[in-house]
Amino acid sequence: MNILETVKKGVQDAIKNLYQGEIAADAVVLNPTRKEFEGDYTLVVFPYTKMAKKAPPVLAEEVGVYLKENVSEIEDYNVVKGFLNLSFSDGFWKEFLFQNSGNPSFGKGTANGKKVMVEFSSPNTNKPLHLGHIRNILLGWSSAKILEAAGNEVVKVQIINDRGIAICKSMLAWQKFGNAETPESSGTKGDHLVGKYYVEFEKQFKKEYANWQQSEEGIEHFMSHKKREQTEEEYFKKYKQQYFNENSVLGKEAKEMLLKWEAGEEETVNLWKKMNGWVYEGFDTTYKKLGVEFDKLYYESNTYLLGKEMIDKGLNNKVFFKKEDGSVWIDLTDAKMDEKIVLRSDGTSVYITQDLGTANLRYQDFGVEKMVYVVADEQNYHFKVLFETLKRLGEPYAQNMHHLSYGMVDLPTGKMKSREGTVVDADDLVAEVIEEARTNAVERGEIVEISQEERDTIYRKIGLAALKFFIIKVNPKKRMIFDPKESVDLQGQTGPYVQNAFVRIQSVLRKAQLDSVDLSLAGGYEKIETQEKELLNQLFTYPSIIQQAADELDPSAIANYCYNLAKGYHKFYHDHSILKAESEAAKSFRLQLSKMVANVLESGLDLLGIEMPERM
RNA sequence: GGUCCCGUAGCUCAACUGGAUAGAGCAGCUCACUUCUAAUGAGCAGGUUUCAGGUUCGAGUCCUGACGGGAUCACCA
């Protein structure tokens, strides 16, 4: 039994024996003791005062006496107001350390036989990945790792949005203005090349639209359609999408191309395959740089027709209803949502139809009983509707659908807007943080004795740690402000700060090995010091932090934990000598403590997709 | 307008899910490297947790209402 459960049981017994009261185990509030007080864990006794008819300090005192006598691990206690601070014995802590310090997988749960799917990244194939995708990818990857660490079997997937009008815009622009340019001929990464033509299309379309606004047709249109008080600028801004659909020459061509694609016309399909191929190659490079991979990719070109048989099922069960024009709807007004279309009047799928079908397909493919979608919070409503619909359809997995919803990433200057060229490109950003790590290391003028290749590996690890930690440390649901300058910071509350604690330990361990220390001497260590106890306490909570992060799908909990552990270690390292400790026992104890801290830091950062350098 | 999310130090973020005197980093000002690597540590300064009520032994956290920011309300995806 876990010590905390033992204590809780002890508290239950105390209440029962002292006051003849019954309390549930999860009603026992046990918190880590704040560091300005003496103790390891604190019991809050206020909830029992009524039952026991005692004043809080008296009650705390009585329970304290009982626990000290009846729970062997509890060595001492003290009472401050209604708070009972409990101290565990050094023996308990030593055993905890010796049992776990050499275990690299400390904190990870045992396999629970559950299968979970995590969907993340899921880009469009018409432009390269940007900062927004990076937040998505990092959250998805670390959530998957965390769920795995909590004992689940995890399948990582993405659904690639590889069809539709957007990719046709890139294709058309390339056809018209591309002069058969390829990634090879231009030396441009595939996804960037395709993105370039997407931008080119928008540019040409904008020009066309501007010309139309000045033309007789455009002027006449404006005069006959404008609302009162509406300026030309306001009107045309609003009309843009409609212009694309109804008046535009380029728009017409793009739409024709989409029709050809849907009809399977060979030339169009080949062009589509070629350009998407370029994009995938580019994406792969970016994913590799970020250190992520997937178990299976779903393509919307394969899934966009799915879901219709589920519509039939739902119609039979009266989950859905049909309107006069043949369109199919679900009425969610009793769940405080709206009526929502699930099949168009012409019988074709909409977004949610595909998602219904895809969820079902995934269940068939993998038998997963839980699915996590990492998607920005602008789609909160969509997923509410999707999950509710699956429930009403009675799908077996419907109770375990989760939307890991995260806030958008803003720049200090405001929102990212592709049209205004304020998008931060993923590849540029990665290159920038690595370069910053290099510059910094060169200025410091250290680690010169290793090869250039090894140094490059270290710079890459440090740069990426800075970037990843900076993004993951923020609670996912919060909208975050991304300052590129701060993201490359290597000091303070950063990834490299955590790495540095690990590196310091490695350095100590390397030196210690030369002396060949007898680790068994640590058992004779007399008195564990305050800072050592604090570190042990922090290490002790690691398993529950993993569990919490998994339950709440919140990788930021791991990031903040790692930072605090590293901080504790840096301070300990500063105040205590390890290799020149006052006794052999102390030295051995501290080496094992350091070893365990290193293991946990490495394990924790690994859950965030951050690698440890051996030196820096 | 309806619904949902957010609001904590100048800035970027925490706060163990209702617990003790709200903590870190950055930026600013001091101090500490011939020492197990200073990508570190110590100190100063910075707060009416947007505001007003309520619930209770106790509220940044829960409830109500304002105010501010964002998202969403397509036979788009």
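Me: Which elements do the buried residues of α3 pack against?
Reply: They pack against α1 (3–19), β2 (41–44), α2 (49–52), β3 (74–80) and β4 (83–88). Helices (H or I, at least four residues) and strands (E, at least two) are DSSP runs, numbered from the N terminus. Contact means heavy atoms within 4.5 Å.

Me: And which residues of α3 are the buried ones?
Reply: Leu59, Ala60, Val63, Gly64, Tyr66 and Leu67. Buried means under 20% relative accessible area, exposed over 50%, and partly exposed in between (1.4 Å probe, protein chains only).

Me: What span does α3 have, end to end?
Reply: Helix α3 covers residues 56–70, so 15 residues, and reaches 21 Å from its first C-alpha to its last, close to the 21 Å expected at 1.5 Å a residue. That expected span is 1.5 Å times one less than the number of residues.

Me: Before I go on, what kind of model is this?
Reply: It's a predicted model, where local features need pLDDT of at least 70, side-chain atom pairs count only at pLDDT 80 or more, and totals for chains, interfaces and linings use all residues. Residues are numbered from 1 along each chain as its sequence is written, chains are lettered from A and ligands numbered from 1 in the order in which they are written, and side-chain values use heavy atoms, with hydrogens and water left out.

Me: OK, what's the mean pLDDT of chain A?
Reply: It is 92, and 99% of the residues reach 70 or more. pLDDT is the predictor's confidence in each residue, from 0 to 100. The model scores ipTM 0.96 and pTM 0.94.

Me: Which element has the lowest mean pLDDT?
Reply: Among the elements of chain A, that's helix α10 (residues 232–246) at 83, while strand β5 (residues 115–119) has the highest, 97.

Me: Changing topic: how many helices and strands does chain A have?
Reply: Chain A has 23 helices and 14 strands. The C-alpha trace spans about 90 × 65 × 50 Å along its principal axes.

Me: What share of chain A is buried?
Reply: Buried residues make up 51% of the 616 residues. Among contacts between residues at least 6 apart in sequence, 73% join residues at least 24 apart.

Me: Why does Phe482 count as buried?
Reply: Because its relative accessibility is 0%. Leaving aside neighbours within four places in sequence, Phe482 is in contact with a list of residues including Leu131, Val409, Pro412, Leu467 and Phe470.

Me: Is Lys336 buried or exposed?
Reply: Exposed, because its relative accessibility is 80%.

Me: And Leu553, what's phi there?
Reply: Leu553 has a positive phi of about 50 degrees, although it is not a glycine. Leu553 sits in the loop between α21 (530–552) and α22. Leu553 counts as buried, because its relative accessibility is 11%.

Me: What about α22, how many residues has it got?
Reply: Helix α22 (residues 556–575) has 20 residues and reaches 29 Å from first C-alpha to last, close to the 28 Å expected. Its buried residues include Tyr561, Cys562, Tyr569, His570 and Phe572.
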